[in-house]
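Welcome, and thanks for taking a look at this one. Below is a short tour, grouped by topic, to read alongside the viewer.

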Amino acid sequence: MDAAGVAWHLQGLDGWDGSDLRAEYTPREADHGAWGAPVYLSQRPIALKGKIEAPGLASLDTAMEQLIAAVALTDTTLTVYETIPKQATVRRSGATLIQPLTDRIAEYSLLVTAADPRRYSTTLLSQSTALPSVTGGLTLPVTLPVAISATTVAGSITLTNAGSMATRPTLTITGPVVTPTIVAALPGGSVTQIAYGATLQVGDVLVIDSAARTVILNGTASRRLYFSGTWPEIPANSSVTYSWSSPVYDPSALLTGTCRSAWL
């Protein structure tokens with residue numbers, strides 16, 4: 001029940017449990033069976049239906065208008081509060097049907113589609129690190145006994161995907177930094193690397209969005225030309241450590257990684 005005293009009842013949620021597949025099979029010549037191409041998930045259509053109960057006609061009319069506005073033509077977050085709450089980004093993809101039954105009750109049916117079929121955690125994980133460095137330590141000459149202390153910045157972050165499907169993180173680099181390189185340590189011991197072949201000045205922010213396959217500087221300019229390597233991805237139920245470096249150290253440089261766990 002919301003603040004206006006309107007009760008929203010969800011009575012059907014079709015499509016949340018899975019999406020269609022895109023698969024191609026080529027018959028084998030002079031042999032049984034077929035050759036299977038890689039299988040991919042299609043977009044995820046989701047049909048919702050339910051009932052609205054309001055204190056009176058005016059509040060029912062307001063609630064129906066709110067529902068029509070909420071099922072937007074632009075990207076909208078749909079959240080389903082399961083044991084582990086999950087969300088998807090959807091757009092209206094069919095007619096929004098609302099049928100008043102009385103002056104207090106109406107039934108609704110609507111269709112939305114998630115272009116990205118993954119169901120994501122509502123919790124955004126985030127970690128940040130400066131460039132690797134060691135400060136402090138021992139300065140000669142010394143008088144014994146002496147205590148040696150130093151501060152080490154590893155220059156690495158670890159992002160975890162607790163879901164059942166690989167997720168694609170976003171890596172953000174804040175300047176100043178010269179031609180940074182990021183190495184990903186994957187489960188099983190393999191590594192991948194990405195590099196940005198240009199310099200970021202003070203205040204520059206470079207966003208590497210592996211889901212959108214974009215490299216954007218300061219929110220507007222594409223810098224895909226300077227990007228090389230493998231787009232970051234975190235396998236299902238796994239963690240990946242990202243370590244970065246630069247030929248020139250600057251204590252203000254910062255790497256931030258964010259991700260959401262993803263499910264089929």
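Strands here are DSSP runs of E with at least two residues, numbered from the N terminus. With that naming, Thr179 falls in the loop between S17 and S18. Please keep in mind that this is a predicted model.

**Strands and sheets**

- An open sheet is built from six strands in the order S12-S26-S16-S21-S22-S23, with antiparallel pairing. Its edges are strand S12 (125-129) and strand S23 (221-222), each of which pairs on one side only.
- Within that order, strand S16 (residues 170-174) and strand S26 (residues 254-259) are joined by five bridges in the antiparallel sense. Leu171 stands opposite Gly257 in S26.
- Elsewhere, strand S9 (residues 97-100) pairs with strand S10 (residues 105-114) in the antiparallel sense, over four bridges. The two strands make a hairpin, with four residues between them, and Leu97 is found opposite Ser109 in S10.

- In soluble globular proteins, nonpolar side chains tend to be buried together.
- The largest nonpolar core counts 25 residues, and the ones with the most contacts inside it are Ile173, Ile182, Leu206, Ile208, Tyr242 and Trp244. Strands that each supply at least two residues of this core include S15, S16, strand S18 (181-185) and strand S19 (191-196). The largest contribution, three residues, comes from S25.
- A separate core of 20 residues lies apart from it, with Val6, Leu48, Ala63 and Ala114 among its members.
- What does Leu206 touch, not counting residues up to four places away in sequence? Its partners are Leu171, Thr172, Ile173, Tyr196, Leu200, Val215, Ile216, Leu217 and Arg223.
- Leu13 sits in strand S1 (residues 7-14). With a relative accessible area of 25%, Leu13 is partly exposed, since buried means under 20% and exposed over 50%.
- Leaving out residues up to four places away in sequence, Leu13 touches Ile46, Ala47, Leu48 and Val80. Leu13 and Ile46 are 33 residues apart in sequence, while their C-alpha atoms are 6.9 Å apart in space.

**A buried asparagine**

- Asn161 belongs to strand S15 (residues 156-161). Is Asn161 buried or exposed? Its relative accessible area is 0%, so Asn161 is buried.
- Setting aside neighbours within four places in sequence, the contacts of Asn161 include Ala166, Thr167, Ile234, Pro235, Ser261 and Ala262.

**Rings and charges**

- Two aromatic pairs turn up in a search of the whole structure.
- In one of them, Tyr196 and Tyr226 have ring centres 6.0 Å apart and planes at 65°, so the pair is edge-to-face. This pair links distant parts of the chain, 30 residues apart: Tyr196 lies in strand S19, and Tyr226 in the loop between S23 and strand S24 (227-229).
- Tyr196 is buried at 4% relative accessibility, whereas Tyr226 is partly exposed at 36%.
- Phe227 and Trp231 have ring centres 4.4 Å apart and planes at 25°, so this pair counts as stacked. Both residues, Phe227 and Trp231, are buried.
- There are also charges over rings: the charged end of Arg28 sits 4.0 Å from the centre of the Trp35 ring, and Lys86 lies over the face of Trp263 at 4.9 Å from the ring centre.

**Backbone details**

- Gly175 and Pro176 are joined by a cis peptide bond, with omega about 15°. Pro176 is placed in the loop between S16 and strand S17 (177-178).
- Back to Thr179: its phi is near 35°, a positive value in a residue other than glycine. Thr179 counts as partly exposed, at 29% relative accessibility.
- Ala30, also a residue other than glycine, has a positive phi near 55°. Ala30 is located in the loop between strand S3 (25-27) and strand S4 (34-36), and at 83% relative accessibility Ala30 counts as exposed.

Conventions:
Residues numbered from 1 in each chain as written. Predicted model: local features only at pLDDT ≥ 70, side-chain atom pairs only at ≥ 80, totals over all residues. Heavy atoms only, no water. Buried < 20%, exposed > 50% of the residue type's maximum accessible area, 1.4 Å probe, protein only. Contact = heavy atoms within 4.5 Å. Pairing = 2+ DSSP bridges. Core = buried A, V, L, I, M, F, W, Y, C linked by side-chain atoms within 4.5 Å. Phe/Tyr/Trp six-rings, centres within 6.5 Å; stacked < 30°, edge-to-face > 60°. Lys NZ or Arg CZ within 6 Å of the ring centre and 35° of its normal.
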